[in-house]
Amino acid sequence: MERIPFGAAPGGQPVEVYTLTNKRGVEARVTNYGGIILSLRVPDRDGRFDDVVLGYDSLAGYLAESPYFGALIGRYGNRIARGRFTLDGKQYTLATNNGVNHLHGGLKGFDKVVWTAEPFENEQGMGLVLTYVSPDGEEGYPGTLTARVTYTLTGDDELVFDYHATTDKATPVNLTQHSYFNLAGDGKGDILGHVVTFNADRFVPIDPTSIPLGELRDVTGTPFDFRRPTAIGARIRQDDEQLRNGLGYDHSLVLDKGGKAGALTLAAHVLEPTTGRVMEIHTTEPGMQFYSGNFLDGSLKGKKGAVYHHRYGFAMETQHLPDSPNQPGFPSTILRPGEYYRSRSVYRFSVSGA
Ligand code: BGC
């Protein structure tokens, strides 16, 4: 596995880039700064490879300003209302870094720390074991959390994310991966033509600050019904209160686990019709945040001069539901001492119509 220097983090720690490849020529470049996937090259239906994730050429780009391009998110992916929660009778206060709310772990989440990386190769493929020990009280969260996340590129063109964590005090945990995809190629237009199918009968409606209302709403008759293949752009401009609150799609889908909580099940199928590229997501998580790149506005200049205009990338973040620490009706995100946090998501790339 190739390993090259990628500069230094603000604290001075050296940062590297690791290149994962498989026999079919698929290549993922990953840095131990924030566990960021820098690039992901996959073939189209004619065998042409292109990079299908957004990001920057240099570490400086990520340090200057990044809306979590490619990053590993923790300690809590998504929002916690007003940066507050009560656990075992004690109130905790976290940074409010997204309007009045806490987002993606705070001011210095797991996306902005240097992880220890150990490369490996096995019969499945090659990958990296990323480890980070988050100190007790970091970003306001209780307990020392030891997180170990494995990225594997398999011989079957899958990127597999295995998340593990243990703690010495009860704490919320919700780890995810925040790659922005454009299966037509990075910087090659908006993502509205991607045809999406979600295995979700319900979604999480939100208030205008993107905090769940608490209810899980039936998708039937709403622009959130992707149970049949539908282009992202087909209904995104409809006059719908939920699309207004999210400024587009920025909502969690409640995945249909067929009664098997924690089983690896299909979450999403995405087809980019002009290239035939397909991405299929399977996860053990109960939810998936679908974000249609609504806050991209052309101000960020990415790889090889790409300009990230409105909706030039989408994220599909497998995770527990937003604001779970304050939502008694949602599956719990609390990890306790002696328990083992374990979560797996598989992003599989292929082509259709070859
Ligand atoms: C959130 C968006 C946010 C984006 C980048 C997504 O996970 O749902 O609201 O803008 O991350 O920060």
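This is a predicted model: local features need pLDDT of at least 70, side-chain atom pairs count only at pLDDT 80 or more; totals for chains, interfaces and linings use all residues.
Which strands each supply at least two residues of the lining of the largest cavity? They are β14 (158-167), β16 (176-178), β25 (315-319) and β27 (341-351).

**The ligand and its surroundings**
- The ligand takes up the space of the second largest pocket.
- Around the ligand are P67, Y68, R79, L103, H104, H178, Y180, D250, Q289, Y291, F295 and E317.
- Sorted by class, this shell has 6 nonpolar, 3 polar and 3 charged residues.

- R79 places a polar side-chain atom 2.6 Å from an oxygen atom of the ligand.
- For H178, an N or O atom of the side chain is 2.8 Å from a ligand oxygen atom.
- Q289 has a polar side-chain atom 3.2 Å from an oxygen atom of the ligand.
- On its own the ligand would expose 310 Å², and the protein buries 94% of that.

**The cavities**
- There are 3 cavities of 30 Å³ or more in the structure, and the largest cavity holds about 60 Å³ of space.
- The largest cavity is lined by I37, L159, F161, Q177, H178, S179, F181, A315, M316, E317, Y347 and F349.
- Among the contributing strands, β25 gives the most to this lining, with 3 residues.
- The lining of the largest cavity is made up of 8 nonpolar, 3 polar and 1 charged residues.

**Where the two sites meet**
- H178 and E317 belong to the residues around the ligand, and H178 and E317 also line the largest cavity.

Technical notes:
Residues are numbered from 1 along each chain as its sequence is written. Side-chain values use heavy atoms; hydrogens and water are left out. A residue is near a molecule or strand if one of its heavy atoms lies within 4 Å of it. A polar contact is a pair of N or O atoms within 3.5 Å; within protein, one must be able to donate a hydrogen and the other to accept it, and residues adjacent in sequence count only if both atoms are side-chain atoms. Accessible areas come from the Shrake-Rupley method with a 1.4 Å probe; for residues, only the protein chains shown count as cover. On a 1 Å grid over the protein atoms alone, a cavity is a set of points where a 1.4 Å probe fits but cannot get out, and a pocket is an open set with protein on both sides within 12 Å along at least five of seven lines; lining residues have an atom within 4 Å of a point. A molecule sits in a cavity or pocket if more than half of its atoms lie within 2 Å of its grid points. Ala, Val, Leu, Ile, Met, Phe, Trp, Tyr, Cys and Pro count as nonpolar, Asp, Glu, Lys and Arg as charged, and the others, Gly among them, as polar. Grid points are joined across faces, edges and corners, and a volume is the space filled by probe spheres set on the points. Helices (H or I, at least four residues) and strands (E, at least two) are DSSP runs, numbered from the N terminus.
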